[in-house]
Amino acid sequence: MRKVIAILLISILLMNFTACFDADEIDDYLFVSAMGIDKGKTDKWRLTLQLPALQDGGGGEQEQSGGDSGQGTPHYVSIDAPTFFTGIDMLNSSLPKKLNFSQMQIIYLGEELVRNGEIGQFIAPLGRFRQLRRSAHVFVVKENALDFIKENKPALGTNLSKTFQLFYQIAETTGFFPHVTFEYFYESLKSTSYQAMLPLAAVNDFKNFKKTGKPWGTEFKTGGYYTAGELPRIGENKVEVFGTAVFNGDKMVGTLNGDETRFLLMAR
């Protein structure tokens, strides 16, 4: 009995000497702001990560908060990989700091990927990732997520995360696109009673903004006539969210414009 007690006491004392040899400082991480997922070319998936604009010298307030101050251009990295976790390991081998997803609030899904009905294969393991926030916002991007992330820059003095938080506050007011979190999307892919839907995002090339031609006459379109990428506008930031992508299982089967999205949200 004395021997057992002695072993327990020694074990407890040894635990006090472990110190913090395996501790990680916050400056050791690169906090991911957003993630894009496309169908890969050289491998199964194309993974694109958007990183905040960091202060000179590193270790600044932006890194510690996991966000960005809206000053400077955000960075991005992209890689083709067979799985999400393999892609992260591959990217970590070429970055000066370790990637961390605990502050990520935005996920973009490329249109080609969701139309092929392959997104369920990616979402399932991602749903078990302990760093992923279930409250992260999910979008379907026309064309591909890589090009969208390259064009996505802070607008009107706000950082990227704050910009999309404001988008969702606006969505609750206008109803031109739905507010969908990762948790809702993940559960809807498994549900037998309802189908998934996601807000539709795109890069607007501003071609619908007519600088010349006849002035407006008697014809008009409703504000919800459009889908993302089609709004007749011009400005510094080319990205926009408008309309809805609708699913059958894990396959995207169509899109709704702003007006149709309002009808859908009222029905639901």
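Does glutamate 118 count as buried or exposed?

Tutor: Glutamate 118 counts as buried, because its relative accessibility is 17%; here buried means under 20% relative accessible area, exposed means over 50%, and partly exposed lies in between, with a 1.4 Å probe and protein chains only. Before going further, note that this is a predicted model, in which local features need pLDDT of at least 70 and side-chain atom pairs count only at pLDDT 80 or more, while totals for chains, interfaces and linings use all residues. Residues are numbered from 1 along each chain as its sequence is written, and side-chain values use heavy atoms, with hydrogens and water left out.

The partner of glutamate 118 is lysine 39, and the closest N and O atoms of this salt bridge are 3.0 Å apart; the term requires a side-chain nitrogen of Lys or Arg within 4 Å of a carboxyl oxygen of Asp or Glu. The two residues belong to distant parts of the chain, 79 residues apart, with lysine 39 in strand 2 (residues 34–39) and glutamate 118 in the loop between helix 4 (111–115) and helix 5 (119–126). Helices (H or I, at least four residues) and strands (E, at least two) are DSSP runs, numbered from the N terminus. Lysine 39, with a relative accessible area of 27%, is partly exposed. Side chains of opposite charge can pair when their charged atoms come close.

By this rule the model holds seven salt bridges, and another of them joins the side chains of arginine 46 and aspartate 80, at 2.6 Å from N to O. This pair also links distant parts of the chain, since arginine 46 lies in strand 3 (residues 45–51) and aspartate 80 in strand 4 (residues 75–81), 34 residues apart. Arginine 46 is partly exposed at 21%, whereas aspartate 80 counts as buried at 11% relative accessibility. Lysine 41, placed in the loop between strand 2 and strand 3, belongs to the surroundings of this pair: leaving aside neighbours within four places in sequence, lysine 41 is in contact with Arg46, Asp80 and Glu112, where contact means heavy atoms within 4.5 Å. The C-alpha atoms of lysine 41 and aspartate 80 are 7.1 Å apart in space, although the residues are 39 apart in sequence. Lysine 41 itself is exposed, with a relative accessible area of 60%.

A further salt bridge brings together the side chains of lysine 142 and glutamate 230, at 3.8 Å from N to O. Here 88 residues separate the partners, lysine 142 being in the loop between strand 7 (137–141) and helix 6 (145–151) and glutamate 230 in the loop between strand 8 and strand 9.

Asparagine 204 counts as buried, with 0% relative accessibility. A polar atom of the side chain of asparagine 204 lies 2.9 Å from the backbone oxygen of leucine 231, and the side chain of asparagine 204 also makes a polar contact with the side chain of glutamate 240 at 3.1 Å. Such a contact is a pair of N or O atoms within 3.5 Å; within protein, one must be able to donate a hydrogen and the other to accept it, and residues adjacent in sequence count only if both atoms are side-chain atoms. Beyond neighbours within four places in sequence, the residues in contact with asparagine 204 are Gly229, Glu230, Leu231, Arg233, Lys238 and Glu240.

Strand 9 then runs antiparallel to strand 10 (residues 251–256), joined by five bridges; strands pair if DSSP finds at least two bridges between them. Valine 246 has glycine 254 of strand 10 as its bridge partner. The two strands form a hairpin with two residues between them, and glycine 249 in the turn has a positive phi of about 70°.

For the setting as a whole, the chain comes to nine helices and 10 strands, and buried residues make up 44% of its 268 residues. Among contacts with a separation of 6 or more, 73% come from residues 24 or more positions apart.
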